Amino acid sequence: MKINVIAIGKIKEKYLTDAIAEYSKRMSRYADFKVIELPDAPSGKSPEEQRKIESDALLAKAKGFVIALDFRGRELSSEDFAHFIETKCNEGYSEFSFLIGGSHGHTDELRARADLLLSFGKMTFPHQLFRVMTCEQIYRAFTIINGTPYHK
């Protein structure tokens, strides 16, 4: 099993990198878990050009079942998310890529290519914090799937 969290931009704050490292370590008992950081598009470009450059880079790295994190997506409870992942594994998927765009979001092309658009709600979150939240929810899903006591 492989899990890829592919995100635009580098995390600069140590407390956030520490949190991601902790969830990565915890996930290692369940899957080959990687967080892949891609560079931001050049700032001299228009928002549309930046979105295209970043979305193309995300798609180039995506493998397996592609889940794009997008506010337009489907909202799932943690239990439903775990069940969804488990179902896809039972259908034969062994690799999942979670795509987190830059500040301008994803292109229509990326959203169309994704196997699932997933939303954590209508609120806006800082991209760096959202990366931690994504890692935590993936870890939570795997603890639910495996019946470990993390999720209450």
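Reader: Which residues of α2 are buried?

Author: Keep in mind that this model is predicted. Buried here means under 20% relative accessible area. In α2, the residues that count as buried are Gln50, Glu54, Ser55, Leu58 and Leu59.

Reader: What covers the buried residues of α2?

Author: Both strands and helices take part in the cover. It includes β1 (2-8), β2 (32-38), β4 and α4 (108-113).

Reader: How far apart are the end C-alpha atoms of helix α3?

Author: Helix α3 runs over residues 78-90, which makes 13 residues. At 1.5 Å a residue, they should span 18 Å. The model agrees, with its end C-alpha atoms at a separation of 18 Å.

Reader: Which residues of α3 are buried, and how wide is the arc they cover?

Author: The buried residues of α3 are Ser78, Phe81, Ala82, Phe84, Ile85 and Lys88. They sit on the same side of α3, because the arc they cover around the axis is only 160°.

Reader: Which exposed residues does the face of α3 turned away from its buried side carry?

Author: Exposed means over 50% relative accessible area. On that face of α3, the exposed residues are His83 and Asn90.

Reader: Which residue with positive phi follows α3?

Author: Look just past the helix. The phi there is positive, near 110°. The residue that follows α3 is Gly92.

Note on methods
Residues are numbered from 1 along each chain as its sequence is written. This is a predicted model: local features need pLDDT of at least 70, side-chain atom pairs count only at pLDDT 80 or more; totals for chains, interfaces and linings use all residues. Side-chain values use heavy atoms; hydrogens and water are left out. Helices (H or I, at least four residues) and strands (E, at least two) are DSSP runs, numbered from the N terminus. The expected span of a helix is 1.5 Å times one less than its number of residues. Buried means under 20% relative accessible area, exposed over 50%, partly exposed in between (1.4 Å probe, protein chains only). The arc is that of the directions from the helix axis to the C-beta atoms. Contact means heavy atoms within 4.5 Å.
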